[in-house]
Amino acid sequence: MLESIKEFFWIYFIRPMYTREGYNPYNTLVYAFLLGLGVIYSYKYIIKSLKIKVDEKLFWAVTPMVVFGATVRALVDGGVLKPNPLILTPGIFFTAFFLIVPALIADAKLKTYPKVTIAWGTILALYANYLLVTHVKSFKPYELTIFWTVIFILPVLIFYRFKPFEKMYLYPVLAHLFDIGSTVVAIHYYGYREVHWLENILVTKFGAFIYYPWILFILIVVYYGLKYLVPDEEERRYWYLAIYILGLGPAIRDPAQMILQLRG
């Protein structure tokens, strides 16, 4: 029995971290559940306790740490750093979380928020990107990512003039559009494989550009779901922050990974 449990965790949770064989229904459900718990309890016991307002300032405060975590993950895939559970997915999320919390506490206690948090995240992000730039093989994937990101973002920005959703939700939308751009480039131009099990089915059947309507559909459903399920505005905005991080992380990681692995 114990051996069967060990084998199950190895096949569906541990091995995919090292082989990049992708997500599966089991680890997807568990990670989604852990994400939900993380959002609820970090908001209740950290953000509210420290009396940090959930606004645009918090989005900007966490961004450097997201860049750090995503870049480090790409450095592993690019062979610059050796694989370690702490810097593989999902471990890198926990690592970044435990690195940023002391900075948030220091900012709250010193009444310097968000200076310490931004400075600490920026130092780590700069070091990670120094390693990235010094090992680049080609910037072409980044150029293509920026091109498609702009193409995808422009219609949304035009539509947003009609204020279809809260201003704060624009951050996660833009982050995920950046992610769509990098994913389309990776799959359509360079033959990468989609690692999320449901999206892999869609991409296999319809091609990489199915991502655009699919992710927009999910973002719309999530927005209205949160609007009615989370009536507290501050807590709802914290969920927006979580969605922003989930989009920005892979959006930074994917093109960074490609410029380390591919030659122009």
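Let's start with how this chain folds back on itself: among contacts between residues at least 6 apart in sequence, 73% join residues at least 24 apart (contact means heavy atoms within 4.5 Å). Bear in mind that this is a predicted model, where local features need pLDDT of at least 70, side-chain atom pairs count only at pLDDT 80 or more, and totals for chains, interfaces and linings use all residues. Residues are numbered from 1 along each chain as its sequence is written, and side-chain values use heavy atoms, with hydrogens and water left out.

What is the chain built from? It has 10 helices and zero strands (DSSP runs numbered from the N terminus: H or I of at least four residues for helices, E of at least two for strands). The radius of gyration is 19 Å, close to the 18 Å that the globule rule gives for 264 residues, so the chain is as compact as a globular protein of that length. That radius is taken over C-alpha atoms, and the rule is 2.2 Å times the number of residues to the power 0.38. The C-alpha atoms fill a box of roughly 50 × 45 × 45 Å along the principal axes.

Now for the inside: 47% of the 264 residues count as buried (under 20% relative accessible area, with exposed over 50% and partly exposed in between; 1.4 Å probe, protein chains only).

Asp 254 is buried, with a relative accessible area of 11%. Leaving aside neighbours within four places in sequence, Asp 254 touches Asp 179, Ser 182 and Thr 183.
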